[in-house]
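Here is a short report on one protein model.

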Amino acid sequence: MLQGFYSAASGMLMQQRHLNVVANNLANAQTPGYKTNRLVSTTFQQALLARLEPGNSAYIGTGESTRIVDEVADIWTEGGIMETGRPFDLAITGYGFFNVQGADGTVYLTRNGQFDLDDEGFLMLPGEGRVLGANGAPIQVTTSDINVSATGAITNSVTGAAIGQLAITEPTEDAVVEQARNTMYTATATQPAGQPGIVQGAYENSNVNLTDELTAMIIAQRNFSSASQALQFIDATYAKAVNIAAL
């Protein structure tokens, strides 16, 4: 088997995927609520040279270990709070997520708090859907004269009348969380967040560290180049071996 080819090729594929992840982080450095992605790799089990059948996992050969993507993990550290003064801009301090209902009825979790009002006066995240309240229904505000308390209670700042209560939730410990889009996530199960704080007139920026991302990009590019050179060297070596054998 041409074991060297597998190692070098898998290295190139891994670094290409790494570059894609870093590039996406850089592209979203100014996206409100965006969380940095990190690629996590693992070793593929002896390049599929182990038996994969019930009750029998004995190795049937040997091979060069290859690297594959295990997961693309999210880094949940908080981003900086950007003050805007807009009454509909909201930021969460602490762990927790806003709940947004998409057009298809799916409830998404997000830290992006750059909200606005739709044509019917509902609080919504542009391009995504309506913001849900603690009762599970979209919050209809109808006015820009609102006050949002640190606990997420929304009231009319002129009359003092209660308007609604923001749903701030977090995934349960055993929930499966998946990234649907850059700042939108789904979870198989959620629960009310512990003690998040709401800041009105501000939003949470991304937690992307440009220095870290540029450093990661340079490292990935160099690793990709090294794997590419190794692949070319191996190819040249086998070509020479074939030519000699043909003599």
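The sections below start with the basis of the model and then go through each feature.

## Basis

This is a predicted model; local features need pLDDT of at least 70, side-chain atom pairs count only at pLDDT 80 or more, and totals for chains, interfaces and linings use all residues. Residues are numbered from 1 along each chain as its sequence is written, and side-chain values use heavy atoms, without hydrogens and water.

## The largest pocket

The largest pocket holds about 150 Å³ of space. A pocket here is an open set of points on a 1 Å grid over the protein atoms alone, where a 1.4 Å probe fits, with protein on both sides within 12 Å along at least five of seven lines; lining residues have an atom within 4 Å of a point. The volume is the space filled by probe spheres set on the points, which are joined across faces, edges and corners.

β2 (66-74) and β14 (177-181) each supply at least two lining residues. Strands are DSSP runs of E, at least two residues, numbered from the N terminus. β2 gives the largest share, four residues. Among the lining residues are Trp76 and Tyr185.

## A three-stranded sheet

Three strands form an open antiparallel sheet in the order β10-β11-β12. β10 and β12 (162-165) are the edges; each has a single partner strand, so one side of each lacks a neighbour in the sheet.

β10 pairs with β11 (residues 153-156) over three bridges; pairing takes at least two DSSP bridges. Val148 has Ile154 in β11 as its bridge partner.

## Thr142

Thr142 lies in the loop between β9 (129-131) and β10 (146-148). Its phi is positive, about 65°, although Thr142 is not a glycine. Most residues other than glycine have a negative phi. Thr142 counts as exposed because its relative accessibility is 57%; exposed means over 50% relative accessible area (1.4 Å probe, protein chains only).

Methods:
Buried means under 20% relative accessible area, exposed over 50%, partly exposed in between (1.4 Å probe, protein chains only).
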